[in-house]
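Please look through the following structure with its sequence at hand.

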Amino acid sequence: MFESDYGKKWLARCVAFFVCGFLVFSVTSCGVKQKVSVWPLLTPRADASTEQLIAEVNRLASVKSLRGKVDIEFEDNSFAESGIAEKYKRADGTVVVQRPGRISLKIQLPFVGTSIAEMTSNGEQFRVAVLQGDEKYRRFVSGTNDNVYARLPSNGPATSDGTNGVKDPARTEQRAVSVFSNLRPQHFTSALLVAPIDIRRTSGLLYSQTEVFEEEADTRPNAKKTARVIRGYYLLDELSAGADGVAHVTRRFWFDRTGQIRLARLQTFEKDGSLETDIAFGEQRAFGETGQVRLPVRVTLTRPREHYKLSLTYQSPEAVKIDQEYPETAFKLENKWGLPEVDLDKPKQ
């Protein structure tokens, strides 16, 4: 009887010991510090008032005209589906932009200099000449800037009907030509020459400043490919007040605060709030012979509804002509090639 009671007490003590040990282990485990990777926040962060942000936009908007050589890159998957990524992924260009809303853009094959397409807009009308591809796909397209048109048709995907995904060269070329036909030169004017901000009450526009932090790829020198950083931005929203008391955002400016204030992005929106244009601005450098103004060297334009995205990079910022006056004829392309004409404003027969 004594041995039995002693065994029970011994067993109870063992159980209590292990339970206490488990609890102690659990409590101490909760206090163990583990290293967790946290992406660094880029510093120093510059501060700016709403007035200073507006002044920076208007500084960029003070440029009246630009003329220079550019590299043009097609970056979007929609271009790959259209065959343009394979055939015209990169091209040389000559661009002339002048306020208000005038542009002339020539796209050429690199090194060879053969013209692929030319396009102009005088602020109201646009014209696009497609000069490459099979003769039956070349065309001279014209229309009105403010009108919305359906995409010009193409003959389906660039791949053959086989299961191996081999490209059909003729169809690939035709699809690429179709993409050029649907480019609209007026889309580039607001990207290369930012419209100024009018703070007068009569403009009917309001401006609101906020702060955001975005996780992005680390683009600093010697950074690992998988590295990420946290970058601080100021957002400056331009709002248009409606008659019903509901305001909508017309433009949203993103200012990078790292080191100094820099306009990094500009988004424009439709009245229903849908994204119309997304423009990314690269680093700024001195432009012109005397370096009289600092402007973005690289501008990337995305048009979600038109399914295209491309970048323009100035080849030699110091060689860019600034604030010269160009005649109206420079922004009105003529069909000197005798191409078949497509007037988008004419009723379809």
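## The chain as a whole

The model is a predicted one, and its secondary structure comes to six helices and 17 strands. Of the 349 residues in the chain, 40% count as buried. The accessible surface comes to about 20,600 Å², and 53% of that area belongs to carbon and sulfur atoms. Where contacts join residues at least 6 apart in sequence, 55% of them are between residues at least 24 apart.

## Helix H2

Helix H2 spans residues 50-60, and its buried residues are Leu53, Ile54, Glu56, Val57 and Leu60. Viewed down the axis of H2, these buried residues fall within an arc of 155°, so they line one face of the helix. The partners against which the buried residues of H2 pack are the strands E7, E8, E9 and E10, together with strand E12 (284-287) and strand E13 (293-296).

Because Arg59 and Glu56 are three residues apart in H2, they are separated by about one helical turn. An α-helix has 3.6 residues a turn, so residues three or four places apart point the same way. With a relative accessible area of 14%, Glu56 is buried, whereas Arg59, at 28%, is partly exposed.

## Salt bridges

Across the structure the count comes to 19 salt bridges.

| Pair | Distance, N to O |
|---|---|
| Arg257 and Glu211 | 2.4 Å |
| Arg231 and Glu216 | 3.0 Å |

What do the other two pairs in the table tie together? Arg257 forms a salt bridge with Glu211; Arg257 lies in the loop between strand E9 (247-256) and strand E10 (262-269), while Glu211 lies in strand E7 (residues 205-217), so this pair ties together parts that are 46 residues apart in sequence. Arg257 is buried, with a relative accessible area of 3%, whereas Glu211 counts as partly exposed at 44% relative accessibility.

The side chains of Arg231 and Glu216 likewise meet in a salt bridge. Since Arg231 lies in strand E8 (residues 228-241) and Glu216 in strand E7, the pair ties together parts that are 15 residues apart in sequence. Arg231 is buried, and its relative accessible area is 12%. Arg231 and Glu216 also belong to a network of salt bridges in which they are linked with Asp256 and Arg262.

## Aromatic pairs

A search of the whole structure finds three aromatic pairs. In one of them, the rings of Tyr233 and Trp254 have their centres 5.5 Å apart and their planes at 80°, and because planes over 60 degrees apart count as edge-to-face, the pair is given that description. Tyr233 lies in strand E8 and Trp254 in strand E9, so the pair ties together parts that are 21 residues apart in sequence. Both Tyr233 and Trp254 are buried.

Another edge-to-face pair is formed by Phe287 and Tyr314, at 5.2 Å centre to centre and with 85° between the planes. This pair links distant parts of the chain, with Phe287 in strand E12 and Tyr314 in strand E15, 27 residues apart. Both Phe287 and Tyr314 are buried.

The side chain of Thr313 makes a polar contact with the side chain of Arg298 at 3.0 Å. Leaving aside residues up to four places away in sequence, Thr313 touches Lys69, Val70, Asp71, Glu73, Val297 and Arg298.

Ser316 is placed in the loop between E15 and strand E16 (321-322), and at 31% relative accessibility it counts as partly exposed. The C-alpha atoms of Ser316 and Phe287 are separated by 8.5 Å, although the two residues are 29 residues apart along the chain.

Is Ser142 buried or exposed? Ser142, which lies in strand E6 (residues 139-144), is buried, with a relative accessible area of 17%. Beyond residues up to four places away in sequence, Ser142 touches Phe126, Arg127, Val342, Asp343 and Leu344.

Definitions and conventions
Residues are numbered from 1 along each chain as its sequence is written. This is a predicted model: local features need pLDDT of at least 70, side-chain atom pairs count only at pLDDT 80 or more; totals for chains, interfaces and linings use all residues. Side-chain values use heavy atoms; hydrogens and water are left out. Helices (H or I, at least four residues) and strands (E, at least two) are DSSP runs, numbered from the N terminus. Buried means under 20% relative accessible area, exposed over 50%, partly exposed in between (1.4 Å probe, protein chains only). Contact means heavy atoms within 4.5 Å. Accessible areas come from the Shrake-Rupley method with a 1.4 Å probe; for residues, only the protein chains shown count as cover. A polar contact is a pair of N or O atoms within 3.5 Å; within protein, one must be able to donate a hydrogen and the other to accept it, and residues adjacent in sequence count only if both atoms are side-chain atoms. A salt bridge is a side-chain nitrogen of Lys or Arg within 4 Å of a carboxyl oxygen of Asp or Glu. The arc is that of the directions from the helix axis to the C-beta atoms. Rings of Phe, Tyr and Trp (its six-membered ring) pair if their centres lie within 6.5 Å; planes under 30 degrees apart count as stacked, over 60 as edge-to-face and the rest as tilted.
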